[in-house]
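Welcome! Here is a short briefing to read alongside the structure.

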Amino acid sequence: MQLSTKHLLGIKDLSPEDISLILDTATQFKEVLQRPVKKVPSLRDVTIVNLFYENSTRTRISFELAEKRLGADTINFSASASSVSKGETLLDTVNNILSMKVDMVVMRHSASGAPHFLAQHIPAAIVNAGDGINEHPTQALLDAFSIKEKTGSLEGKKIVLIGDIMHSRVALSNIYLLKKMGAEVMVAGPPTLIPKYIKEALDIKVEYNLKNALEWCDVANVLRIQLERQNQVLFSSLREYNLAYGVSKKLLDGLKKEIVIMHPGPINRGVEIDSDVADSKQSIILQQVENGVAVRMAVLYLLAGKRAI
Amino acid sequence: MRRLAHQLLENHLNLGNVVFIGLQPRGIQVSAKMVDMIRELCPNDPVHYGVLDITFYRDDVREELHLANKTDISFSIEGKIVILIDDVLYTGRTIRAALDALQDFGRPQKIELCVLVNRRFNRELPIQPDYCGKSIDTIISQKVKVEWDKEQVILY
């Protein structure tokens, strides 16, 4: 068995079998990460470039650790400290890097579809680490892995995505993935941050009242308010957003059951989520980060195995 | 198999210092059976048993994609005598990978190899078993199959 795609551009292109394969392989890598020597030599003949056109802490460190723990050689590239500022195009930059014998590209770009464009022009395998407001597949995979680890399975689980659905690539990847794996998905947030026809287009539930959404779900994935992508005023103030849609301890204590709280990071404490919730026992935010390395190792391992010799 | 178990016990009087590790996927049945026998023979001794998957240590990752199985070694192998158990020893490459993998778990005092069937020709690495159930001479085009329900080894 192997993946049906050569690249990981988005969850949209994956089959449920692909997703299960990645999650199962990640379980084995998670065990590797508990060993005294947290490293295997599977990809020691592979060179990977991390191409980051946008800032990142978690994803970048997580990918770099995953690559190193698979024994791969890595190069880091950030647009701000490179010839991109001299006007070099994306394709030229990548072709120059590839001519130095690089096998895989991990990329993040602020333009939606940038990795899809690249996939049509270069031979190397591409892993999308977030493109604009489109997809962030490895985040969705690690979210699914964490839900599975915490609750046992994805099938039939009720999962709500809260907040800035409009600008969130995490939300879109999560919706595709959870639907494919048989979970029930709801999005919740202010109407200005939820795309108008999302209910019909993606066949999911929409809720504008936070309390109702939390009452319905088993797992709540709280998303960051992406001020850098909002070029118009979509809510009056952060304080008002917090009052209406911030997940607070009081709100969670009022529910009939204990739900699982997730957040892809970085957290805006006191905006979409309160500090005491983010640091509570219900929250698996740091487990998500831990699982990220194992999931990314699985993705890189499975894609590298597809490469022809 | 019973003879192998007795041989293992003869050479290792103190089981507290010995760990048994079966190799995924096909060494599991042999090793589980062997460990059961040893537990039966020495009911009062602690018998440490783990399973090891060597997929990530293979030298042919890029030629064909292999999927990993579970690794479960819930004890330290530091300073212990490790007995690797597999069904068939052929090219020796699996054992090479297993030796690499074991290094990542610690530094054992000694590693020994116990196999059910030893295919004597076509070895590609200098690896020989310390205990072996049966030695057979085969050529590359022949296949060796261990059938458990009939408890026999078949040559094709």
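Helices are DSSP runs of H or I with at least four residues, numbered from the N terminus. This is a predicted model, in which local features need pLDDT of at least 70, side-chain atom pairs count only at pLDDT 80 or more, and totals for chains, interfaces and linings use all residues. Residues are numbered from 1 along each chain as its sequence is written, and chains are lettered from A in the order in which they are written.

**More on this pair**
- Helix 1 (residues 2–11) and helix 2 (residues 27–41) of chain B pack at an angle of about 60°, with axes 10 Å apart; axes are lines fitted to C-alpha atoms over the stretch in contact, and angles run from 0 to 180 degrees between N-to-C directions.
- Among the residues making the contact are B:Leu8 and B:Met37 (contact: C-beta atoms, placed from the backbone, within 7 Å).

**Where the chains meet**
- Chain A brings 17 residues to the contact and chain B brings 14 residues.
- Helix 1 of chain A gives the most to the side of chain A that touches chain B, with four residues.

**Around A:Ala220**
- Beyond its neighbours within four places in sequence, A:Ala220 is in contact with residues including A:Val160, A:Ile162 and A:Leu214.

Conventions: Two residues are in contact if their C-beta atoms, placed from the backbone, lie within 7 Å. Helices (H or I, at least four residues) and strands (E, at least two) are DSSP runs, numbered from the N terminus.
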